[in-house]
Structures are given as structure tokens and as C-alpha cells.
Amino acid sequence: MENTLRGAVLAKYKDISSFAKELGWDRKKASRIVNRQQLPSAKDMDIMAEHLNIRDCDTFVHIFLPFIQ
């Protein structure tokens, strides 16, 4: 399965560390979530969507909930 979350993060930020810093997260947490080793909480998804400028439901589901498509 393609990792569109990782693609969205790296399209906007130079690396996962920069993304983590912007969100106020530990780099390890961001890395686990972006690399799909940890499921994000609903609050985490909301924060990431805001910072990645994800505004529509279809894109949100495609990026954060690919297993339900």
C-alpha cells in the first residue's frame, strides 16, 4: 500500500524531524506515525491535517484512513 501520508509530509517539510518540530512532537513519534508503525489518534490526525492543509474529507480519508477505502 502506498504511503500517501509520508508523501504529503515530505512534499511540505524537508524531513520528518522538521514536521515533528512544527507539530511540537518528538521525532520518534512523528516517524512511527508517518511510517505507519503507529496509528495516530483522532487528535493527532486533526493536528496533522491542519499543518498539511488537508481540508476535504476524501483527501483526509485517503491519507489517514487508507485501510477503509
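**A tour of rings and a surface patch**

Start with Phe-60: its relative accessibility is 24%, so Phe-60 counts as partly exposed (buried is under 20% relative accessible area, exposed over 50%, partly exposed in between, with a 1.4 Å probe and protein chains only). The model is predicted, so local features need pLDDT of at least 70 and side-chain atom pairs pLDDT 80 or more, while totals for chains, interfaces and linings use all residues. Residues are numbered from 1 along each chain as its sequence is written, and side-chain values use heavy atoms, without hydrogens and water.

At 4% relative accessibility, Phe-64 is buried. Both sit in helix 5 (residues 57-64), four residues and about one helical turn apart. Helices are DSSP runs of H or I with at least four residues, numbered from the N terminus.

Look at the rings. The structure holds three aromatic pairs. For Phe-60 and Phe-64, the ring centres are 4.8 Å apart and the planes stand at 45°, so this pair is tilted. Rings of Phe, Tyr and Trp (its six-membered ring) pair with centres within 6.5 Å; planes under 30 degrees apart are stacked, over 60 edge-to-face, the rest tilted.

Next, select Tyr-13, Phe-19 and Trp-25. They form one aromatic cluster. Stay on Trp-25 and show Lys-29. Lys-29 lies over the face of Trp-25, 4.3 Å from the ring centre. The criterion is NZ of Lys or CZ of Arg within 6 Å of the ring centre and within 35 degrees of the ring normal.

Last stop: Ile-68, in the segment after helix 5. Ile-68 is exposed, at 55% relative accessible area.

Technical notes
Helices (H or I, at least four residues) and strands (E, at least two) are DSSP runs, numbered from the N terminus.
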